[in-house]
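Try each task before you read its solution.

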Amino acid sequence: MTNFTRRNILKTAGAAATLPLLGTMARGTAPLKVAFVYLGPIGDHGWTYAHEQGRQAAIAQYGDAIETTIVENVAEGPDSERVIRNLAEQGNELIFTTSFGYMNPTLKVAKRYKNVKFEHASGYKQSKNVASYNARYYQGRAVCGTIAGHMSETGVAGYIASFPIPEVVQGINAFTLAARKVNPDFQTRVLWVSSWYDPAKEADAAKALFDQGADIIAQHTDSPAALQAAEQRGLMAFGQSWDMSSFAPTAHLTAIQNNWGIYYVDRIAKVLAGNWSTGSTWWGMKEGAVEMSPFNDRIPAEVQAAAIATRDNIIDGSVPAFAGPISDNTGTERLAAGGALDDGALNGIDWYVEGVSA
Amino acid sequence: MNDYLLISFIMTVIGASTPILLAALGELVVEKSGVLNLGVEGMMLVGAVTGFAVTSITGMPLVGIIVAAITATLAALIFAYLTLTLTANQVATGLALTIFGIGLSSLLGEGFVGFTIDVMGPVFPAGLAEHPVLRVVFGHNVVVYFSIAMIGAVAWFLKKSRAGLILRAVGESDSSAHSIGYSVIGVRYAAVAFGGAMAGIGGSYYSLVLTPMWAEQLTAGRGWIALALVVFSAWRPWRLLLGAYFFGVVMTLELYTKAAGITLIAPELLAAMPYIATIAVLALISLRKSAGAQAPACLGQPFKPST
């Protein structure tokens, strides 16, 4: 593996430019060059860390058959376009760009490098050589909701959320639906912090929620600050993206883990076999792309069993995360009993289920 | 609001206010000497990362805070050398210092991501510090009391001490101070160093107390709020104390009202309040034109001794 910093990438860009398209020639025995563009540092213990684990899984699978390159800390926007272009220029044949804000830069670079295959995480646009992929985090939220319904003594959860986009709204709703199946009076108080990452604000948000009756916190922001606040108060919280239990050994009940490795291994196999094609992939717990990190021992066995049942029911499809009847928080029925929200409805979701105050 | 909630709210406000108060107090002294250092955010981050690193190695938060003050002072001295000795543009250099601080702190912190430390406890014994009501006064760590004490110290220094008068003279009229034999550059170096130390302590408050961990850009823009606060306070220490707590109340109120489901005031408006208030104060100052309420006359101007 070569760990390039942005600076080194720029330095080598000149040299690489003199070897145009070398990497896209017939492979022969040369390893497949795969690159990953990361938003944060690998050590963020969240989003980027999870992608890095995915890359490690791919290396474990293919060994010398692939040669991977990573670039960390790539800001979204123009900076990322330069990084992606340089990676394409260096002969990488498959490039994973792992943040929403890389969507347009990825498409732009892909137009120029038609022989390079691109994979963009969490976006909604595709092209001939740009596929997109995301994971059904909301399925993991449902498992958290089941646990919260059992474990919360006040029946009130705090939910620290970034921005009201469908991905976040799905999570809030799935969490609340599952919790209310256990405790019909369960309430979820959503606190928008208008940021993916502001540790001090996330910690203060957790305090504000705890001070007003919540005893358990779920979050859709990236830092472990809220978990630390829960640990200090002796209360409970769920981790985000990866196991964050080292920050809050007692408070951390479980976390939703994004298991990208399973997708990376599959896509690399397709490139190696020469049958890669574009498309949009939305894998969940069934495929293993979303997993729960180990349950905290403080969760009683029967609650763990209930959480596992929620997971298994989602996996075999018997009780989807969004199974009817569903009413929204104004009392209007959104889905009758027996139905389930389809992907189209989920991707456009802009309302909250009963029990959510947002 | 019941008593428990009120007291919890005040505790959160004090936590949110203390680091910006420290950083802003340092910047106030810097600006009083006629230097504008926009690198507060960068210095805070340098302090945050070094304070955390040293605390996680030694297990002693006080040592971490002292190291944070020293390293942020070193960062400030780079700024001082560029702007005072080489008379570089202060605005550009200050912005560069922020960018430098973000990058340097990321680099230094790389090996410390994911570490945890024990949070500094309150100064007073548990009987007082955990009392349901008295904890408002006694439930804080040493940095909170230090920040209040420093306000008093700086206010006294600027108003009553000879050195403080010299510093203000340098900030109001550098050429006059120079002509009667004071070292303008020397005074400004000292002021910038003090500003760095205070920003470093303020930054370390995030990594050691509020969110005891290291992550990139941990301070998430609080340095800019500190800069706004200096203007908001009209360069007066006691008003700075009021302003810091006002900003803290506004930032915390945004979260507490949202958590309570109260939407009387748009949360976006509350989030913007520190900046709106600063603009309002700036407008008032420029209307009033009374001496003392204005910016130091030489603020941001490079000084070249004529001889």
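A salt bridge is a side-chain nitrogen of Lys or Arg within 4 Å of a carboxyl oxygen of Asp or Glu. Keep that cut-off in mind. The model is predicted.

**Exercise 1. Decide what links R222(B) and D198(A), and say where each residue lies.**

Solution. 
- Step 1: Check the distance. The side chains of R222(B) and D198(A) come to 3.2 Å, N to O, and form a salt bridge.
- Step 2: Place the residues. R222(B) is in helix α11 (residues 222–232) of chain B, and D198(A) is in the loop between β8 and α7 of chain A, so the pair joins two chains.
- Step 3: R222(B) and D198(A) are both buried.

**Exercise 2. Find the helices that hold K201(A) and E254(B), and decide whether each residue is buried or exposed.**

Solution. 
- Step 1: Start with the contact. The closest N and O atoms of K201(A) and E254(B) are 3.4 Å apart, and the two residues form a salt bridge.
- Step 2: Find the helices. K201(A) sits in helix α7 of chain A, and E254(B) in helix α12 (residues 237–259) of chain B, so this pair crosses between chains.
- Step 3: Apply the cut-off. Buried means under 20% relative accessible area. K201(A) has 14%, so K201(A) is buried. E254(B) has 5%, so E254(B) is buried.
- Step 4: Count. Chain A and chain B have two salt bridges between them.

**Exercise 3. Describe the side of chain A that touches chain B.**

Solution. 
- Step 1: Count contacts. 31 residues of chain A touch 29 residues of chain B.
- Step 2: Count polar pairs. Eight residue pairs are in polar contact between chain A and chain B, both residues at pLDDT 80 or more.
- Step 3: Name the elements. β8 (187–192), α7 (199–211) and α8 (225–233) of chain A each give at least two residues to this side. The largest share, ten residues, comes from α7(A).
- Step 4: Sort by class. This side has 15 nonpolar, eight polar and eight charged residues.

Notes: Residues numbered from 1 in each chain as written. Chains lettered and ligands numbered in written order. Predicted model: local features only at pLDDT ≥ 70, side-chain atom pairs only at ≥ 80, totals over all residues. Heavy atoms only, no water. Contact = heavy atoms within 4.5 Å. Polar contact = N/O pair within 3.5 Å; in protein donor to acceptor, adjacent residues only side chain to side chain. Helix = DSSP H or I, 4+ residues; strand = E, 2+ residues; numbered from the N terminus. Nonpolar A, V, L, I, M, F, W, Y, C, P; charged D, E, K, R; others polar. Buried < 20%, exposed > 50% of the residue type's maximum accessible area, 1.4 Å probe, protein only.
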